[in-house]
Amino acid sequence: MNTTTATLPDSASHTYEQVATASNEVAGLLAKRLKTETQGEVLFSTADRGRYATDASIYQVTPLGVFVPQHAEEVATAMAICRDLKVPIVPRGGGTSQCGQTTGVGLVIDHSKHVRNILNLDLQAGTVEVQPGMVLDSLNASLKKHGVWFPVDVSTSAQATLGGMAGNNSCGSRSIAYGNMVHNVVGAKAWLSNGDLLDFSQFENSTGRAKEIGEFVKQLAVHHQAELQTHWPKVLRRVAGYNLDIFDNQNERPYTADGKVNLSHLLVGSEGTLAMTQSLTLRLSELPTAKVLGVVNFNSFHKAMDSAQHIVKLGSGSLTAVELVDRTMIDLSLKIPAFAPTIRTAIIGEPEAILLVEFAGTDKEKLKRELKQLVALMGDMGLPNSVVEMVDDAPQKNLWEVRKAGLNIMMSLKGDGKPVSFIEDCAVPLEHLAEYTDALTQVFQKHGTKGTWYAHASVGTLHVRPILDMRRDGPLKMRAIAEEASALVRKFKGAYSGEHGDGLCRGEWIEWQFGPALQQAFAQIKQHLDPLNLLSPNRMVNPPKMDDTSLMRFGNNYKIIPIQTALDWSAWNVHNDAATEQTTLPGTGQDPAQGLAKAVEMCNNNGTCRKFDTGTMCPSFRVTRDEVHATRGRANTLRLALSGQLQGGLESPEVKEAMDLCVGCKGCKRDCPTGVDMARMKIEVQHHYNEKHGLQLKDTLISNLPRYAHIASQWPGLMNLRNQSPLLAKLAESLTGLSAERSWPEWKKNHFFNGPRVGVSAEEVLKASKPVVLFVDTFNGYFESENAWAAHDVLSAAGYQVHIASRTKQDTPGQHLCCGRTYLASGQVSKAKEHAQALLEALLPFAQKGIAIVGLEPSCLLTLRDESLVMGLGEMADTVAAHAVLFEEFLAAENKTGKLDSLKVKLAPAQKPILVHGHCHQKAFGLMPSVTHVIQLIPQAKVDLIESSCCGMAGSFGYEASHLEVSKQMAEANLLPSIRNNKDACVVADGTSCRHQIMDGTKRDAIHVAMLLAQHLIK
Ligand SMILES: Cc1cc2nc3c(=O)[nH]c(=O)nc-3n(C[C@H](O)[C@H](O)[C@H](O)COP(=O)(O)OP(=O)(O)OC[C@H]3O[C@@H](n4cnc5c(N)ncnc54)[C@H](O)[C@@H]3O)c2cc1C
Ligand code: SF4
Ligand code: SF4
């Protein structure tokens, strides 16, 4: 065997250019064959290719096309077609890589949608075989009942796939206890680019081609023994290059417990460049049933770093994490009301840094003793009374949440300067951690930037991202900082790539790290396994330069097309100062799209919107699992449109398609780490679309409902005919697109607005001792008047003088007040503004007096705190917003100041358990605790919150025939089954459309919380 030479097939730029300019003929042929030979999805439109051109890195490389296989065998078919046509292949999971691993030329194969099953769970052997598209959290959720888990707990566990994790050799927060991916994979079945399907497992039992590959790599390892000894970083966290050291272990922790070589470890960390994984066999660990946490407070960052090396020696095997939170993150967390109380439970005085030290196992008492050892150690190190001991589970869980959120806050910096990931996972031996972090901080200062430090102190991998402006001098600074950081890594004998892999960002550093001889060995491995150079070419071998701007998302040619926006996006239109993180005034950021482009660019592709477990984001992705229907897919589509990379811009059919299943739930506004607010963007986009294409009949019909409601309600018999006649319903569907399967809200002749007048006058409420203004919206006023009366009764019973808000100008007689929501839903911003203006004028005098304005329908009331502030309505919008509260929010706040005593004594005990479904906008504003708080005013109330995303009705969304199925699937994900499983419960839902969906899907009446309280009033 020749182990000294390898032909390096081509240069990086050559391949990129060659494939980028691949003729339409090749692309056409590829798409045609995929369509005829498979049943998978073949996505070759500009928008689809654009959406798969990025991952959580700074890069953008447009693929020739995307293939989403229906099942594993189709991957082999796609590979065969690519082989015939000489088209490179880029395997992909969740696309959350930070170094550009999944951005590449050729055909992207997305495993995450369908190829995601458990193939074999062998509890006796303690292993599980999974398909590569399976998401870690979903695997662990199904393992939980067996008391085991797969312990490589990456922060992206809710969206990262096991194939992607193996591809990157990912590492979790608890790697000190469990190791990296390579330590936990025990087998892989994978296709080579020539189509051979091989079993990569224990070398000594291998046969055929797998055995031959093993022999080849073994000889390379023998041949390069000297280089392996001298150049290979001796730390746990080394993920660069190929794992040539499987035959001559260099890792702090041997790859296998018995010292036997496992060939699957050659594929782990190879980033899809050697073989395409068909399945992985993973070793499971016992799920810890007990945990304790010690939070060590340090008055100097240096001391914290210096202490890590001593702390990791504690616990005789039970120490599972030592995680850093620095002063900047503590400060940021203290500024957020939701996190401040939690972080206060962890800090003593004003520490410069804290270390979260976790011990886990099965015996809490034993762990408590180990926690005491930590306390003693800190005392010995001159830090007595520096440890906050957390023994109960709840405070520990809360603190881990803050640690995660800290990263999110850091990433939400507005303006063109962003924290950039390129040296964020260098790993150094623990004894040098303090010196390394000090020196790197100075490097940042020298280049006029700064970084916030966090994460894995236990294994010497501290995350840090300097803030750089990648459109201006960012690439230059990136190179300079990378070079200085690498010198430090070399000085301290660390690993330059310690967690996030190589990709486009660190490929060029492989030779720097390992030397030319080992680089040559890697090239030989690549050529031996993939002589066709088909699998993700030009990564670890022949890589591009990390600062090649032609491969970047915000490269030299990136330009925003000027547009006039309907909403005010100036809050995003700012510049920031990398060194101080201060931003300039709104509107000063020189965005030709008036801030909209910068708001869209906040999406850094981290993929949190692909999660399924908690929160609301993103209901449409949860149903379809299509990239286009995730918040990320939408944000990328908008970025392409705004920057001229998508013909037709915001008015294009591609943008319309991407926005079509967005239900405007605002889940992303709250759950997206960088606050991408797609619901607001949808309004803006629809406005532009309407300007070019005009309104649809259904939009006119629904949006004008508040205008004609007073007339329609006079003819309920006629108006409700459609609900009684299937024929009329069908006719209406063909005319309007509103599904015949859905009933429409029933009109009533007698409703709140023409019923008996209740409440005190405006003059009286302004002088009242316990004043409150009730804003009754169109839906509760006309269709469910009982809610409005109930709210009035409850507030009155609590001793408030209630005034019902009404129009001040009688220019439109008979009309009630309206926030404009129905117009916003179809992008009619100017009409919405007219209505909102009238509403604000009516409410302003009360708000100016500090009187609370209480609303019932979350989407209407919260419009006052959201969209009203960006429609150019001036200061009055801010004044009213400051006093606009939901019914439950008002009562919860009043109760906390002891003002509801008179109400509480009038409430009869609850007879049934109470099940609550939150409206998405309630959740987006963090208001669900108020709902449960208020329900608990009822004696003996037993409340359960349904863990649900959007109900799927979302205003008119679920009424539309084209959305009916998706709407039902959203409801069936969690909401409706939970209600069906709780037959005796009383269901509370504050949203009109949520109640409708619940009725349609379960034939159960859900009620507003105001109604629930009113029903419990003792008469
Ligand atoms: C906010 C944030 C936090 C993160 N935290 C962590 C962390 O704590 N620890 C950590 O290690 N990483 C972390 N990462 C990086 C990233 O999330 C992980 O590497 C993750 O495991 C990637 O999973 P994925 O499904 O997104 O893989 P992808 O990005 O889709 O793919 C990863 C690699 O695997 C290859 N691949 C995918 N499927 C196959 C297949 N079937 N066959 C062969 N190759 C395949 C791809 O080509 C690519 O090279 C973080 C990223 C972000 C954005
Ligand atoms: S929309 Fe938000 S959560 Fe989704 S990828 Fe973009 S930044 Fe991440
Ligand atoms: S508003 Fe809701 S549906 Fe739309 S992108 Fe955000 S989370 Fe998804």
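A residue counts as near a molecule when one of its heavy atoms lies within 4 Å of that molecule. The views below show a predicted model.

**View 1. The surroundings of ligand 1.** Ligand 1 is surrounded by 34 residues. Pro91, Thr96, Ser97, Thr161 and Cys171 are the closest of these.

**View 2. Polar contacts of ligand 1.** Thr96 places a polar side-chain atom 2.6 Å from an oxygen atom of ligand 1. Gly93 contributes a backbone N or O atom, which lies 2.7 Å from an oxygen atom of the ligand. At Thr277, a backbone N or O atom is found 2.9 Å from a nitrogen atom of ligand 1.

**View 3. The crossing of helices H23 and H26.** The packing of two helices is described by the angle and the distance between their axes. Helix H23 spans residues 631-642 and helix H26 spans residues 678-693; their axes come within 11 Å and cross at roughly 40°. Angles from 65 to 115 degrees count as roughly perpendicular and those under 35 as roughly parallel, and H23 and H26 are therefore oblique to each other. The crossing of H23 past H26 is left-handed.

**View 4. The residues between H23 and H26.** On H23, the contact is made by Thr631, Arg634, Ala635 and Leu638, and on H26 by Met678, Met681 and Val685. These contact residues comprise 5 nonpolar, 1 polar and 1 charged.

Definitions and conventions: Residues are numbered from 1 along each chain as its sequence is written. Chains are lettered from A and ligands numbered from 1 in the order in which they are written. This is a predicted model: local features need pLDDT of at least 70, side-chain atom pairs count only at pLDDT 80 or more; totals for chains, interfaces and linings use all residues. Side-chain values use heavy atoms; hydrogens and water are left out. Axes are lines fitted to C-alpha atoms, for helices over the stretch in contact, and angles run from 0 to 180 degrees between N-to-C directions. Helices (H or I, at least four residues) and strands (E, at least two) are DSSP runs, numbered from the N terminus. Angles under 35 degrees count as roughly parallel, over 145 as roughly antiparallel, 65 to 115 as roughly perpendicular and the rest as oblique. A crossing is left-handed if the near helix is turned anticlockwise from the far one by less than a right angle, and right-handed if clockwise. Contact means heavy atoms within 4.5 Å. Ala, Val, Leu, Ile, Met, Phe, Trp, Tyr, Cys and Pro count as nonpolar, Asp, Glu, Lys and Arg as charged, and the others, Gly among them, as polar. A polar contact is a pair of N or O atoms within 3.5 Å; within protein, one must be able to donate a hydrogen and the other to accept it, and residues adjacent in sequence count only if both atoms are side-chain atoms.
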